Amino acid sequence: MVPAHPAPSPPQQPRGEDCLLCSGLPASVLGDVSAPALHGLTSASLTDPVLQALLQGSTDCNMSATSRMLQQYVRQFSQKLAHRRPLEARAESESPEAHLNTLDLVALGVGRTLGAGVYILVGAVAKVRAGPATVICFLVAGLSCVLSGLCYAEFGARVPGSSSAYLYSYITMGQLCAFITGWNLILSLVIGTACIARGWSSALDSLTGNHISQGLQGTLSLHVPYFLPTYADFVALGLVLLLTGVLVLGARESTLVYKVFTVINLLVLSFVILSGFVKGDLRNWELTEQDYKLHTSGSTDTYSLERLDPLGSGGFMPFGFEGILHGAATCFYAFLGFDSIAARGGEALNPQHSIPFSIMTSLFICFLAYFGVSAALTLMVPYYQIQPKSPLLQAFLHVGWGPARYFVAVGTLCALTSSLLGTMFTMPRLICEMAKDGLLFRGLAWTYGHTGTPVTAIVASGNIAAVMALLFEFTDLVDLISVGTLLAYSLVVFSVLVLRYQPDQILSKKENTEDKIEMKSEVEGSPLNSEPEAGTANILKSLWFPTSTIPTRKSGQIAYGCASLLVLLLIILSLVLAQWPSQLFSGDPVLTTVAVLLLLLITGVTVIIWRQPQDPTALYFKVPALPVLPLVSIFVNVSLMMQMTSGTWALFGIWAAIGSVIYFGYGIRHSLEENNEQQPPGSTSQT
């Protein structure tokens, strides 16, 4: 009998604390390695080269997955910033009835533009910024607005159904550009309302012999820093609140009111201009510094003696070329309002024709008025004797035509009322539009019943404007408006420049979805993502000699990149000209070399853009001389922005920071278009 051999004992399992699987090794390290493969392996097994390679490969795989996830997140975030809104959004349900002809639009533009700028601002600029050379300031500012107006006109012809620069930018350039444009326009509208209300109060005060300001200053004087007024202007506060209440009750804009106010305004301004040439004295354009000293030695003008530096050195340009540039930057505010024509594009009978023509006609009429009034004022009164708060009324007292100031006062109040109404009607529309898109808080889009009145937007914007009118001086707010508006207009100009070299960008909802699918497939097979088959010579050849006669995605990318580079170069050139003008024009070798290199680069990149094919879409109006004219517009706008003080830029930085917090903290996550994209294909949304 064969003795039974004992059964072999199973291999001894390592203790739990020695087993890699039981010791709690992180799953991120184990990766795709199966549990049976690791069970029974001890820490000593880590010396096995095979196992080390296995674990290292798993770790590399996980790191690669994390990198891909990060890249995907960055790509999705960038797509949100560049997301464009389809053209047909809200077109069927909210399309207004077309009833405005070209004359209506011109009256609207002139009524909105000829307001505080011609009756108040002209005096402040003449006294402390440019003197008689104020006429040149308005010429430079008018040139800047004409260039921007041409681009607005092309936008109106290209996207006639949209209602503002904000919507233009959203449809054509994307969400981030649209928010920046809209946020800066809100700044200009809110502060513009406060400025006009302050001007209206000053005109009324001057008409009553300054009794209103003296009474408020004696009872409600503010012991505050110099940048705040000496008294709280409750007249301006009450005016803004009154009009806010009228808007909440459902008041509508009346083109008849604009026409009547515009006719009265133009009649009064014509009287002022003729009076200036009759009672004016050319010696007021040839004053010397001695004349100013003789005047101030016995003057009681506390505005000049306490708040201002000595007012120039006399002559036609008492503050020099720098004063003209600074004055032009401030005078830019005077031309704000022509964009209200574009905002009514949906109500125009023939928007492709009437919007471009109305914008240019309005700007031309306003420029003639500003040029004539500033010349008349500085001829009637020495620039250092101008009263900034009510220059025209005091000018007629100075020349001995006291009764005429009542006629001028009527025109002043009519013009300021027309301008104030236009601003306050436009302001809640823009806020409500952005809130409907989810870029601002949804509560601001609430409308009342069947009237459709944006009550929340009206009350919020009206209250903010009323408080600013109560606590700030007119001239202290103008520069801040100019910065925000110049930036918004520059974005519009940049959009026109880029869009002309892009494939058709104005898409419907369905086309927008199909375009994204095609874009994805094109990007995956794009030559940019593959190994280049051609050398550097062929790349340069494609820049100078495009293979296609119509815009392609590649040519569009080239134009976009070159335009962005040009903006950067123009900013640097403007900064050099603004900070070191005397050294540059005196022949400093370093600055001269920098300026020449910048000009050469700007010229070369401009030629590259010029060589790219343009969009052949037929429009009633197109900006001529592309790409030169938009680039000149951007350069002029940026140069004017460089003239602003550090205090103005600090305030603008605060406004921009608030906007960034709202957009990145709320708007980008609540965007209507973004939410619509996340719905399943079969779902419908209320747009």
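This is a predicted model: local features need pLDDT of at least 70, side-chain atom pairs count only at pLDDT 80 or more; totals for chains, interfaces and linings use all residues.

Biologist: What makes Lys 259 and Asp 104 a salt bridge?

Modeller: Their side chains come to 2.7 Å, N to O, and the rule asks for a Lys or Arg nitrogen within 4 Å of a carboxyl oxygen, so the pair qualifies. Lys 259 sits in helix H12 (residues 255–279) and Asp 104 in helix H5 (residues 102–113), so the bridge ties together parts that are 155 residues apart in sequence. Helices here (H or I, at least four residues) and strands (E, at least two) are DSSP runs, numbered from the N terminus.

Biologist: Why is Asp 104 called buried?

Modeller: Buried means under 20% relative accessible area, exposed means over 50%, and partly exposed is in between (1.4 Å probe, protein chains only). Asp 104 has 7%, so it is buried. Lys 259, at 30%, counts as partly exposed.

Biologist: How many salt bridges does the rule give?

Modeller: The count is 5. One of them joins Asp 233 and Arg 198, with the closest N and O atoms 3.5 Å apart. Asp 233 is in the loop between helix H10 (211–219) and helix H11 (234–248), and Arg 198 is in helix H9 (residues 175–207), so parts 35 residues apart in sequence are tied together. Asp 233 has a relative accessible area of 1%, so it is buried, and Arg 198, at 3%, is therefore buried as well.

Biologist: Which residue does Arg 283 pair with?

Modeller: With Asp 281, in a salt bridge of 3.0 Å, N to O. Arg 283 has 60% relative accessibility, so it counts as exposed, while Asp 281, at 27%, counts as partly exposed. As background, side chains of opposite charge can pair when their charged atoms come close.

Biologist: Why are helices H19 and H20 called oblique?

Modeller: Helix H19 (residues 404–436) and helix H20 (residues 455–471) pack at about 120°, with axes 9 Å apart. The axes are lines fitted to C-alpha atoms, for helices over the stretch in contact, and angles run from 0 to 180 degrees between N-to-C directions. Under 35 degrees is roughly parallel, over 145 roughly antiparallel, 65 to 115 roughly perpendicular and the rest oblique. H19 and H20 are therefore oblique to each other.

Biologist: Which residues of H19 and H20 meet?

Modeller: Met 427, Pro 428, Ile 431 and Cys 432 in H19 meet Ala 457, Ile 458 and Ser 461 in H20, contact being heavy atoms within 4.5 Å. By class, that is 6 nonpolar, 1 polar and no charged residues. Ala, Val, Leu, Ile, Met, Phe, Trp, Tyr, Cys and Pro count as nonpolar, Asp, Glu, Lys and Arg as charged, and the others, Gly among them, as polar.

Biologist: What else touches Ile 458?

Modeller: Thr 244 does, and Thr 244 also touches Met 424, Val 459 and Gly 462, not counting residues up to four places away in sequence. Thr 244 is in helix H11 and, at 6% relative accessibility, counts as buried.

Biologist: Where is Phe 441, and what is it in contact with?

Modeller: Phe 441 is in the loop between H19 and H20. Its relative accessibility is 41%, so it counts as partly exposed. Leaving aside neighbours within four places in sequence, Phe 441 is in contact with Ala 435, Ile 662 and Tyr 666. Phe 441 and Gly 667 are 226 residues apart in sequence and 7.7 Å apart in space, C-alpha to C-alpha.

Methods
Residues are numbered from 1 along each chain as its sequence is written. Side-chain values use heavy atoms; hydrogens and water are left out.
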